[in-house]
Amino acid sequence: ALSWDTLAIRVRTLAVYLRGRGVQPGDRVACYLPNVPQTVIAMLATASIGAVWTSCSPDFGWRGVLDRFRQLTPAVLICTDGYHYGGKPYDRRDEAAHIAAGLPTVHSVIHVSLLHPGDAQPPAARHETTWDEIMNRPAPSARTFTFEQVPFGHPLWILFSSGTTGLPKAITHSHGGILIEQLKLQVLHMDLRRGDRMFFFTTTGWMMWNFLVSSLLLGVCPLLYDGNPAYPSPDVLWRLAQACEVTFFGASPAYVDQMARAGIVPCKAYDFPALRAIMPAGSPVSAECTAWFYQNVKADVWVATGSGGTDVCTGFVGGVPTLPVYAGEIQARHLGVAAYAVGEHGEILTDEVGELVITQPLPSMPVTLWGDRDGARYRDSYFSPFPGKWRQGDYFRVNGRGGCFVLGRSDATLNRHGVRIGTAEVYRALQSVPEVQDALIVNLDLPRGRFFMPLFVQLAGELLLDEQIQASIRDVLRREYSPRHVPDAIVQVPEIPVTLTGKKMEVPVRQILRGTPADEAADRNAMANPASLDFFVRYAALGFATP
């Protein structure tokens, strides 16, 4: 536990140090730290002096970090010597040295020793110090410390797109825009209150970390967790939720799937009297996922499914505490969010799948993409092909009562005979096939109006794909959805490629199968396992595209 007074003292101490090193409003402070208190302190100190914060998780490789940080020409680098995951130490001193060497604009390096206290070896060519040396300085008084006053649109932090399709976008958010959006989201849509304890499993490379830290605005205590969510036991996060009396618990549908497959029933081993709400987020949430929480965690909990994006660092649709919950359905659009499903010509659709567009501005839309001087990349990224409307890149459906469904990335959608299929529908159906551990599906348009839609499956344990498993897969897709959902081929793979934040890499796989070199289609440094792409490279070389 860290008290408010201690937090404030440490924030002021670091802020005074940064000012003493010449950091000015608008300068960038880059951070390579895990989800630990030092990272929160560094972000708050950076914001307090008007500098601009950005971070990458230390599970990123150095090339992936430089792809991001180089765009920003940072003045200060804060980095770790390593972290623990799954009971193992991961030394990142070499990675940190590569990152520092690749950022010539950095004049000051701060080392946070989590694995090797007192053993930092920073570059001798620039000013360097350790976190402990800074924190051992005399604490500045709250009466004498001055918070930098900045305009509403002044940059607060820079987040990055996933980096799976080229150089990551440096998404820049403003002080005022984020303040308004986070307060609205957390007070009105998440029902958070002063004294609550909120948990969300995240790394510092995902917008959910920024969202977690924002809860401090309300007097909420965020619970930080750095490590494997299934170590030392698969139910470790639920044990933590009980011990820390968590009131709001965030998790991804992939985590729920792991729990279900492992037969974990948290309510049998733990008690959660303080728990009021659970928010599944990060990928489409099925009815089965919603039901799992009620059946296995707490019968009277509020499951407030949400969906938003790094681009705005908030939600478009999500929970409403005064509305009923329908399994598999997001309760409503967020207040002030003009979210609609539109057809190919921009017409608004009801009870039909279309593109998710926002027709009116949101306060937390980016003020810029850093380095995009004329705004061309911004306009191309968000306002094409619907001029004047923000296109999020998700398929979306709104029913007659205003319930919402986010159905997967529209640029990874499946289009067969003119019928658009959300990939989430396929994955949802496959949850009932016990042999399938994970899956990825793409659709390839071929000459003369033909197409080829392969389904790649990672099977449980040592299973091999046989006719019986294939028949089960085809049957469930045909039965639960339509014949159009049945793939043209089912292919077993060693592992499904995902980003560091757990998103399936549908678009890069599709590009590789179309002939794009793997290193152009995907940033391997942004992947959980870069080697998982190798199978698809070999598969593409077989000339499969003319079945």
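The largest nonpolar core of this predicted model holds 54 residues, and Leu14, Ile78 and Ile110 have the most contacts inside it. A nonpolar core here is a set of buried Ala, Val, Leu, Ile, Met, Phe, Trp, Tyr and Cys residues joined through side-chain atoms within 4.5 Å. Residues are numbered from 1 along each chain as its sequence is written, and side-chain values use heavy atoms, without hydrogens and water. As the model is predicted, local features need pLDDT of at least 70 and side-chain atom pairs count only at pLDDT 80 or more, while totals for chains, interfaces and linings use all residues.

- Beyond its neighbours within four places in sequence, Ile110 is in contact (heavy atoms within 4.5 Å) with residues including Leu14, Leu18, Ile78 and Trp131.
- Another core, of 43 residues, lies apart from the largest one and has Ala429, Leu440, Leu455 and Val476 among its members.

**Whole chain**
- Of the 547 residues in the protein chain, 55% are buried, meaning under 20% relative accessible area with a 1.4 Å probe, protein chains only.

- Three strands form an open sheet in the order E26-E29-E30, with mixed pairing; strands are DSSP runs of E with at least two residues, numbered from the N terminus, and two of them pair if DSSP finds at least two bridges.
- Strands E26 (436-441) and E30 (489-492) are the edges, each pairing on one side only.
- E26 and E29 (residues 454-459) run antiparallel, joined by 5 bridges, and Asp438 has Gln458 in E29 as its bridge partner.

Methods:
Helix = DSSP H or I, 4+ residues; strand = E, 2+ residues; numbered from the N terminus. Buried < 20%, exposed > 50% of the residue type's maximum accessible area, 1.4 Å probe, protein only.
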